[in-house]
Amino acid sequence: MSLKDLIAPFYVWQRAFEKPYTQRRPIEERPGAERYRGFHVNDIELCVGCGTCEAICQNHAIDMVTVEGLSPKPGDSGLRPRFDYGRCCWCALCVDICTARSLRLSNNYAWLTENPDDFRFIAGADPMSWNDSQLGYRRDDHYQLLTPERVEMPMLSPEESRASFEEVAKGYSPEQAVLEADRCVECGICVATCPAHMSVPDYIKALRQGDLERGLKLLYETNPFSSTCGRICTHRCETVCVIGLQGTPIAIRWLKRAIVDQVPDSDYKRILGDETPDNGKRVAVIGAGPGGMSAAYYLRRKGYAVIVFEAKHRAGGMLRYGVPVYRLPDNDLDKDLEYIRSLGVEVRFNTRIGSDVPFAELVENHDAVFIATGLWQPTKLRIEGEEHPRVLSGLKVLEDVAEGRHPDLGKRVAVIGGGNVAMDAARVSRRLGAEVTILYRRRVEDMPADPEEIHESQAEGCRLVTQSIPVKISEGATPDKVMITWGEAEMVADPKGGRPRPVLQEERTHTETYDCIIAAIGQAGDFSFIPPEYRDRIEISHGKIVSGDYQQTGVAKIFVGGDVANWTADAISAIEDGHHAARGIDRMLSGQAVAQA
Amino acid sequence: MADFKQLVEHYSKSYTIKDVREQKPSLAFLRVGKDEAVHLIRDLQETAGYTHLSFLTAIDWIEKGHFTLTYMLHNYAARHSIGVHVNIERQPAEMESIHQLWAQAATYQRELREMYGIRFPGSPRLDDDFCLEGWDDIPPMRREFDTVKYSQERFFDRPGRASEDPRAHMQQILYPTHKD
Amino acid sequence: MHQQHSPIDLSSGKYVKLWQGPQHPGITGNMSLELAVCGDEVAECKTHVGYLHRGFEKLMERRTFIQNFTVVCRIAVPEPTFNEYLYAAAVEELAGIDVPERALWLRTFNLELMRLASYLMWLGGISASFGHGTLYQWTVTHRDYVLDLFEELTGARIYHMYIVPGGVRAGFPEGFADRARAVFDKVERILRDVETVLFSNAVFKTRSKGLGIITQDMVDRYGIVGPNARACGLKRDLRKDEPYLTYDQVDFEVVTGTASDAYERTWVRYQEMHQGLSILRQCLERMPMDGPFQARMPNVLHWEVPAGETYVKAECTRGEYGYYLVTDGSQYLRRIHVRGPSYTHAVALMEDLAVGTNLADVAGLMVSLHTYPPEIER
């Protein structure tokens, strides 16, 4: 033992003169670090109540609860997370996975209360002292548990697509479909927005797990046109998909297609069954479009004998005659239609109600009637010269093409309109070899067509002129030409706060010569088939047949759906109208109330 | 690892070795029968350089009807580990002890008796409590033991927890009649 | 091994039974030693664990792969980070996920920082168990500065939940590297004082030299790892022998002693603290300061890891710390076994080493083995 060993320990005495390390008032002097995982803060305006935080919480510390002043709306369940601090461990997994990026943690860590039930609180809604704190853990920008990017749908290039009528979207491979399906967090918020309320998270999960049979069954519970909708649906569901809040929404439409495309027609009967018990009642459906055939499907499944009257010689309605085959090939539409017919739904083609069969007779001979005749009357331009022979209707052009009659459009075509029919007419004209100009009276953002259609039409080389109002149509230099004078429009704000109106600038007009002009500014319904004795009870307002609960009209046994009844005017709405009318017809015929109090 | 392949070849002459799998260069697994296992392990310890027992544990393959014991042996010189698997019955569960080979084995065996109900005859203090003083239920690591059920029967939740499903809630409020 | 007393007969009046623990500063956790003493010499020692048993291995079978990282840090309370790393490494190995370079460096930095914090507390513990309470105050304070660094980097002081399957959750905040270096300088200064006061200390030397001697032939018989084994001359360190993360890209030495008694073990650990500080400084020099720190992950809400099994290990302050993971292809793991070094050190080894020691030195012996009870019973 050396001297050093005896003396060295006394060295510590030098520290007696040091300032103590302890802090007297830590909570005030020493707040939590910037990233400290403290108490929860939620921006309840940003939050959409998807419940993914609840799903990932490892200790079941979160409940989704109703909040005073919040109710469900499209894209928002109206629920908000309530945290139970008796169970929370502040791991911030909920913050990492939050789809809206509304949830974070503050850097507060001290909370004293005499009532233990206080420790369950709705972050952001209940008034907590740390609600306004700006510090605290947030998900780092470079750390992401969700996958924001979508698997790209393989498409024909614009050069390829505009040269043929081949389907432009090629479809996901099974591997791509599973990868895309994996992105779904199964919140179910999309279901309310889908007009048919398809069980989207469930069929996406079935696809991911490779259970195509269960997927197909799930699809048919709400939609017998999944091959069609998997291609051309307006996919409103995708607009509210929570993955879209921080990335690209799940490609729900393409995933639906992936299920249907992988199940051959021949397997449908085995998987979906074909039980159609007969209950002895008969229903007539007018129109073999998506609305009529959907009603037919659900009615037949419930045991009704169904007969569908179709004026044209093929089924499908707007799907057949309005949507070109490069968006919806005939075979894929037939896949949906043929299965419905195979269940024993009778379709009588080339039979127009009103002229071939009186409406009243139909109503008397059946237990119920469902009207889904669609809108086939092109809206007039109401300008001078529109009767010129080289002014064609968009619907007529599309119908001709669908029937294999390639109309003579010439080399220079002008299309007037901004909806899907206009886009389809333009793209069809391209494929028939023409240079196309699209004239639309308002701005791009006002165009009612699907954004993808607008984009693809331009990619295929159509010239889009917005804010252009047709003024008059006149003779061309030769009979095979036609001249159109159109004027530029200024958008003028609406004093009442509605959307801006286009105002023609008289001095800025253009006159152009085309080989033909295609008018596609809208369609209206033809209700002449309804005889006077029904007109007092079947109300028609703003060009639509009015319906109440379960699609019922003023006449108890007459129901209506599709474009003649609703304002959303897409296939999926027509499909749901048909399904809902089937529910209503079933209720009426089994003695239950149809009209809801 | 070439040496490992040679090792397996060598020991396959005296033991029935199955399910040989190399997980990575430093780790391999093999399976041997219950009656041969302790011999093989002692052989590996005494002559092949696997002198360190990292751990001894069990996996409950309830659906297959057996426990799999894993003896993880490590060779410091070769920087290689072998996981020796031995399948034993779940009921009654018993295995030859290795407490004489490593001092810590007795502790592992005591824990396995408590957590899985596996007996190692002769292992010192085998029936002493390891973690669970006063335990009155089946060995808890067995897969038929349901921890949630146990805790719900013994303890009580603080009332007041209830959660709504977003999809169902939206359906009730926004489209109550659109269902079959 | 020490001379064993013949079976203890408590009615003979020769022996007194004492319980050291479960709340005792000389236990570094919650564990108890049931001592039978003869005079003031320990005749028999039985260890009792279970005070910190939370059933982690069973709990983890009920949680999905992403949820488990929130739970594992609690398994070894004073040194949680190794659990996070090993769990992530085991899952990544079975799921086939490669973690980006920057994440590897951040993980190495985190583990070494944890080592520093753990050793600082231990250093205080070993001094205090021989009666030197002042050193304990110094080292625990400086550990607090290290915990401040953790708080800044990860969002929490003890249970960081920073290393996750896939990578880490964030990069360095602004100016963090400079603040870290300032803390390392502070720690180095206090270590110099600690060296003077502890290793040139007559009381410490007298009491710890010759206490709890571990010889080389005991090492594999008991499964002794870490500084306990290195102190008797065995150059075994997983960071060098089976390098993981970025340990092959930093320079450091494996410290060994000659005879593993309490004094040598303390000296070896003290040297390792300096090695650790050097590794930390090298990490700050060499790590990439930008780039991704998370691998592409599948959807963690329904993540199924392919069936398989593996054993991953790391060199923590106490030696070989390992995770044995078995998956069956579902969303839940089938079996996870946490191999803590204290399992062997605090039970089998302690029971044998304690026999023959003076009662007053039992605490010192226990702490010199550097055991953390929570990793024994999980």
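Two residues count as in contact if their C-beta atoms, placed from the backbone, lie within 7 Å. Keep that in mind for what follows. One caution: this is a predicted model.

Let's start with V415 of chain A. Which residues does V415(A) touch, leaving out those up to four places away in sequence? The list runs A422(A), A425(A), A426(A), V436(A), I438(A), I518(A) and A520(A).

Now the wider setting. V415(A) sits in the largest nonpolar core, a set of 319 residues. Together with C94(A) and I517(A), V415(A) touches the most other members of that core. And which element gives the core its largest share? Helix α4 of chain C, residues 101-129, with 16 residues. As background, nonpolar side chains tend to be buried together in soluble globular proteins.

So much for the core; on to that helix. α4(C) has 29 residues. From first C-alpha to last, α4(C) reaches 42 Å, close to the 42 Å expected at 1.5 Å a residue. Is α4(C) mostly covered or mostly exposed? Mostly covered: 28 of its 29 residues are buried. After the helix comes G131(C), with a positive phi near 100 degrees.

Next, a helix in chain A. The buried residues here are D332(A), L333(A), K335(A), D336(A), L337(A), Y339(A) and I340(A). What covers them? Chain A helices α10 (226-232), α13 (268-272), α14 (290-301) and α15 (318-321) are included. G344(A) follows α16(A), and its phi is positive too, near 105 degrees.

Let's turn to chain C and its domains. The domain assignment gives domain 1 as 10-48 and domain 2 as 56-377. Their centres, taken over C-alpha atoms, are 28 Å apart. How many residues meet across the two? On the domain 1 side, 19; on the domain 2 side, 21. Strands β2 (32-38) and β3 (41-48) of chain C are the elements that give two or more residues to the domain 1 side. β3(C) gives the largest share, seven residues. By class, that side has nine nonpolar, six polar and four charged residues.

Last stop: chains A and B. Their contact takes 27 residues from chain A and 17 from chain B. On the chain B side, six are nonpolar, six polar and five charged.

Note on methods. Residues numbered from 1 in each chain as written. Chains lettered and ligands numbered in written order. Predicted model: local features only at pLDDT ≥ 70, side-chain atom pairs only at ≥ 80, totals over all residues. Core = buried A, V, L, I, M, F, W, Y, C linked by C-beta atoms within 7 Å. Buried ≥ 20, exposed ≤ 12 C-beta atoms within 10 Å, placed from the backbone. Helix = DSSP H or I, 4+ residues; strand = E, 2+ residues; numbered from the N terminus. Nonpolar A, V, L, I, M, F, W, Y, C, P; charged D, E, K, R; others polar. Expected span 1.5 Å × (residues − 1). Domains from an automatic or database assignment.
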